[in-house]
Number of protein chains: 2
Amino acid sequence: MRCEVVAVGTELLLGQIVDTNSAWIGEQLALAGIDSHFQTKVGDNHARMVSVLRLALERSDAVIVCGGLGPTQDDITREAIAEVMGVSLELDEAAASRIEAMFSGRGRRMPMNNLRQAEVPVGATAIADPQPGTAPGLICPVAGTGDPTRPGSEKVIYAVPGVPREMKVLVGEVIVPDLVRRSGVSSTIVSRTLRTWGESESGLAERLAPRVAELDRRFDAGEGGSVTIAYLASGIEGIKVRLTAKAADTVTAEALLAEEEAEVRAELGDLVFGVNDETIEASVLSLLRARGLTLGVAESLTGGLMGARICDVPGASDVFRGSIVSYASDVKFSVLGVPAGPVVTAEAAMAMATGARRVLGSDVAVAVTGVAGPDPQEGIAPGTVYVGLDLGDVDGPKGVEAFEVKLPGGRAEVRQFSVITAMNALRTRLLLCQPDGG
Amino acid sequence: MRCEVVAVGTELLLGQIVDTNSAWIGEQLALAGIDSHFQTKVGDNHARMVSVLRLALERSDAVIVCGGLGPTQDDITREAIAEVMGVSLELDEAAASRIEAMFSGRGRRMPMNNLRQAEVPVGATAIADPQPGTAPGLICPVAGTGDPTRPGSEKVIYAVPGVPREMKVLVGEVIVPDLVRRSGVSSTIVSRTLRTWGESESGLAERLAPRVAELDRRFDAGEGGSVTIAYLASGIEGIKVRLTAKAADTVTAEALLAEEEAEVRAELGDLVFGVNDETIEASVLSLLRARGLTLGVAESLTGGLMGARICDVPGASDVFRGSIVSYASDVKFSVLGVPAGPVVTAEAAMAMATGARRVLGSDVAVAVTGVAGPDPQEGIAPGTVYVGLDLGDVDGPKGVEAFEVKLPGGRAEVRQFSVITAMNALRTRLLLCQPDGG
């Protein structure tokens, strides 16, 4: 099964917006075992969109078109797909009602233009957005492209809005499962991503190798359903372990997935910090919230990135008190109370954490100091980073600690890995203190 | 003149890396007046790369291929281009010498693999990277695709490395000018981007309208050479005004550009904060450095983003002392000395700046407080932001001030606009103090 991605929008070609949707869709396809050999950006131009869609259908079995489903005259994805299908557009009454209901639910009158969004190529299906928006996605089988002896084997164009939030729901919950179903096996697919930190991609694969062997054995023995495991290194987002379960029905598939998640968690333990879109910052904030603790941060080489990432988590304000970005050494001395001397050391990292806890009045604190590069500092190589933790009286008297890591990559990568390493250290430490008070 | 962009790399299709290069190249092409109708991502696969290149040459006059020029067996862009050209590869002695010299200059032995990077399709030209790297770019005219009566009219494939820094130099300094030259007019093109903040895109266009009319008049009168002006809103990077001068020779083109930059600066004045890739943070750090001043920051809704952006400027450490991220209100009170009470006010912003200056021991300080959204806070609407400045004794006794702005967009946009608005306020204020001490 091959599926291409087409991103629609003149603003993408002009570089006014970077197309991050295609990369995200490519990742979902890869994790579901669907090949994607080409991804194309095309402007809001009917003839060029039609030519791109026709070419994609020649090369592949399916196409996901992203964007151009809005209510304005620029939004011509529906028309382009209809031309490729050789059909006209018709109003989908159910979709029209959903759009009208959404406007009236907000006490607003619906502009007539918005009814355009309920138009659907004849033979296509409108997908009701599980999180109601105004642009329904489309599933558009293209007649004459399949095996005539096998109904439902036509090639297919999927259309989704360009708004990332709406696109992700439709692709993740509807389109990828539909693609997997069309790939020939009549089955249900469900999947889940476990995010990890603390072990390399190959290290994870090694630890899960016996489990993968067992899954292969079951599959070969035809013991009903199948589960696959895939890995993806994603920078500051961690290393992802994606579990995909396929079975004759949803109940069985969900049961397989639940069993597999339990097996993987039993092997990986605390390496797993989150599920699906949960960041490590969100995970840390949840742990702190459950324990009634507040957080302070002290940063040096990351310059504020750790605080900025923490604030990106909705509802951070009930836990996060702030960050002391002590870029200059003497700010570490004067504000955080670090003893005068070298500042890229375990001792400095601990003193920074203690200082942050005191200055910010937080229950616990995490600190990073190190060398982002490209040049050495205090004779210390780029990528050398110390993480300090001060758990205060949360966990008895031994609440202050630090460790060194050597991080790979350039200046930007070292900063990103510093943040996830520090957040992960705090997370694993918090797991040792029970929510009911350690 | 039409030019497509092809990004090469299986990791792009898998979503492991977001392809930002194509967007950047698209912007450069648009600013130079070159149409780009399609952009394609393709994996490291010979047959598929060849098919994508052939298709792009059918649809367009030129193709920029990005990536796949490295020294490993995966890097097969050279081979794919040679097949499209119908030629073999040969070693470019000059390129080989440059690569060998680079290794020996670093006291390292060159792995034989790296000589692959000096192989060039017969008939192609290796571009010496103006900032020496190991992968030379390529200019590859494709025989038989041009007008036989017009030598040099062949269609052309350009190849550049996928490393953004190297790609930008080659595309900006060599390829776009070459494309413009090939577009038919035998002339030289030079261009420059002025970055601005403080006026909307349409406001800039209105202020420069008389100048554009004058440029049009000169062009119609055939008064030698031409200059065009284009605008591009780029979020936290400001609103860009791109000047492009075309003339029979470089000296004339540069003179036209210099004249036009002077005219535009005369009209826009201090709205211009940087040239080409210079960020507003870099501009502020330069102004501070020239005045011998250090900088402290106090942030609330931006959570550390302002500090992180400042640290991204190489050499920030001699000016930037740090940032107090006072996310919780009582951190504003206790650490920064903000008077207890509402914290989304001009008074709080001023007190935060004064507090940052005192706590961080900096000469000047800038502060932001406001509501990122999505919900109101203290009854104040999202997008409401106060910027505070404390210039200390740099500029007499009236050194503390604040103002309110209403910023558009969601949570992320409000944060980004908060940073550039605050940095711009500090910049314009610093311009009033002479470098020799105000």
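**Notebook: chains A and B**

I started with burial in chain A, where buried residues make up 49% of the 438 residues. I note that this is a predicted model.

Next I looked at the overall build of chain A. I counted 13 helices and 17 strands in its secondary structure. Along the principal axes, the C-alpha atoms of chain A fill a box of roughly 75 × 55 × 45 Å. I checked contacts with a separation of 6 or more, and 65% of these in chain A are between residues 24 or more positions apart.

I then looked up the domains. Chain A is divided into domain 1 (3-184), domain 2 (189-275) and domain 3 (280-431). Over C-alpha atoms, the centres of domain 1 and domain 3 of chain A are 44 Å apart.

I superposed chain B on chain A with a rotation of 179 degrees and 0.4 Å of shift along the axis, at RMSD 0.5 Å. The two copies are thus related as by a two-fold rotation axis.

I turned to the interface. Chain A and chain B each give 45 residues to the contact. On the side of chain B that touches chain A, the elements giving two or more residues include α2 (21-31), α10 (305-311) and α12 (346-360) of chain B. The largest share of that side, 7 residues, comes from β14(B). I sorted the residues of that side into 23 nonpolar, 18 polar and 4 charged. The copies meet through the same surface, because 100% of the interface residues of chain B are also interface residues in chain A.

Last, I followed strand β14 (residues 320-326) of chain A, which is joined to β14(B) by 5 bridges and runs antiparallel to it. In this pairing A:Ile324 stands opposite B:Ile324.

Terms used: Residues are numbered from 1 along each chain as its sequence is written. Chains are lettered from A and ligands numbered from 1 in the order in which they are written. This is a predicted model: local features need pLDDT of at least 70, side-chain atom pairs count only at pLDDT 80 or more; totals for chains, interfaces and linings use all residues. Domain bounds come from an automatic or database domain assignment. Copies are superposed by least squares on the C-alpha atoms of residues with pLDDT of at least 70 in both. Two residues are in contact if their C-beta atoms, placed from the backbone, lie within 7 Å. Helices (H or I, at least four residues) and strands (E, at least two) are DSSP runs, numbered from the N terminus. A residue is buried if 20 or more other C-beta atoms lie within 10 Å of its own, exposed if 12 or fewer, and partly exposed in between; C-beta atoms are placed from the backbone. Ala, Val, Leu, Ile, Met, Phe, Trp, Tyr, Cys and Pro count as nonpolar, Asp, Glu, Lys and Arg as charged, and the others, Gly among them, as polar. Two strands pair if DSSP finds at least two bridges between them.
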